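Follow along with the structure on your own screen if you like.

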Amino acid sequence: MDAVDATVERLRAQCLSRGVSGIRSLARFFRRLDQDGSRVLDARELRRGLAELGMLLDEAEAEGVCKRWDRDGSGTLDLEEFLRALRPPMSQAREAVIAAAFAKLDRSGDGVVTVDDLRGVYSGRAHPKVQSGEWREDDVLRCFLDTFDSSEKDGQVTLAEFQDYYSGLSASVDTDEEFVAMMTSAWQL
């Protein structure tokens, strides 16, 4: 494990030691640090903010964390990138139940869930906006799909996007058994 991974592990342990709300409270903290509303932090801002949490990083560590988890190559770390890095890895049991839920939605089997796939699994006819005539059923299905879609709402959800959504939720569920039971019930697996 290199120094950056060790730093992220320390950050993750500190967040998780605060219980279920640890990562969420860290998200609120980072939003406060974002003085210009850009939703990004550079290494200096990250270092200053973590020092307020009692996590002292030297300049090289802060820069290393930013570089390692900067997925879009912007040179800064946005909140989503940082929170993704802090989420604990999921167990095989959690990954398997997420894949099973995705497979239930992906009726075409092409690895991408679209509104067409959802039509065969869910009905939006009972939604109040459909009943009032404000929305069509496809609008409800698209809204549902957007829940799992990445920040670019393209109407298509990949397994990676679905897993990413549930990895955030997974971080707040203590045991594999609880997570699997929740997913099994929610998706009627």
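**Entry 1: a charged pair**

Is D176 buried, exposed or partly exposed? I looked it up: D176 is partly exposed, with a relative accessible area of 27%. I noted the cut-offs: buried means under 20% relative accessible area, exposed over 50%, and partly exposed in between, with a 1.4 Å probe and protein chains only.

Before going on, I wrote down that this is a predicted model, in which local features need pLDDT of at least 70 and side-chain atom pairs count only at pLDDT 80 or more, while totals for chains, interfaces and linings use all residues. Residues are numbered from 1 along each chain as its sequence is written, and side-chain values use heavy atoms, with hydrogens and water left out.

Next I checked the partner of D176. The side chains of R94 and D176 form a salt bridge, 2.6 Å from N to O. The term stands for a side-chain nitrogen of Lys or Arg within 4 Å of a carboxyl oxygen of Asp or Glu. R94 is buried, at a relative accessible area of 6%. R94 sits in helix α6 and D176 in helix α11, so the pair ties together parts that are 82 residues apart in sequence. I also noted how elements are named: helices (H or I, at least four residues) and strands (E, at least two) are DSSP runs, numbered from the N terminus.

**Entry 2: other salt bridges**

How many salt bridges are there by this rule? I found that the count comes to seven.

I looked at R136, which forms a salt bridge with D139, with the closest N and O atoms 3.4 Å apart. R136 counts as exposed at 53% relative accessibility, and D139 counts as partly exposed at 27%.

Then I turned to R142 and D146, whose side chains meet in a salt bridge of 3.3 Å, N to O. Both lie in helix α9 (residues 137–146), four residues apart, which is about one turn of the helix. R142 is partly exposed at 32% relative accessible area, and D146 is partly exposed at 22%.

**Entry 3: the nonpolar cores**

I looked for nonpolar cores, meaning sets of buried Ala, Val, Leu, Ile, Met, Phe, Trp, Tyr and Cys residues joined through side-chain atoms within 4.5 Å. The largest has 20 residues, and those with the most contacts inside it include L11, F30, L50 and F82. Elements giving two or more residues to this core are α1 (3–17), α2 (22–33), α3 (43–52), α4 (59–69) and α5 (79–86). The largest share, four residues, comes from α5.

I picked L50 and listed its contacts (heavy atoms within 4.5 Å). Leaving aside neighbours within four places in sequence, L50 is in contact with L11, F29, F30, M55 and L57. A second, separate core has 19 residues, among them V115, L118, L145 and F179.

Which residues of α4 are buried? I found A62, G64, V65 and C66. At the start of α4, a side-chain oxygen of D58 comes to within 3.1 Å of the backbone nitrogen of A60.

T76 lies in the loop between α4 and β2 (77–78). T76 is buried, with a relative accessible area of 19%. Not counting residues up to four places away in sequence, T76 touches V40, L41, D42, D70 and E81.

Helix α10 (residues 159–170) has 12 residues and reaches 16 Å from its first C-alpha to its last, close to the 16 Å expected at 1.5 Å a residue. That expected span is 1.5 Å times one less than the number of residues. In α10 I found E161, F162, Y166, S167 and S170 buried. The cover over these residues includes α6 (92–105), β4 (157–158) and α11 (176–187).

M183 lies in helix α11 and counts as buried at 0% relative accessibility. M183 and Y166 are 17 residues apart in sequence and 9.6 Å apart in space, C-alpha to C-alpha. Residues that M183 touches, beyond those up to four places away in sequence, include V97, I98, A101 and Y166.

Technical notes
A polar contact is a pair of N or O atoms within 3.5 Å; within protein, one must be able to donate a hydrogen and the other to accept it, and residues adjacent in sequence count only if both atoms are side-chain atoms.
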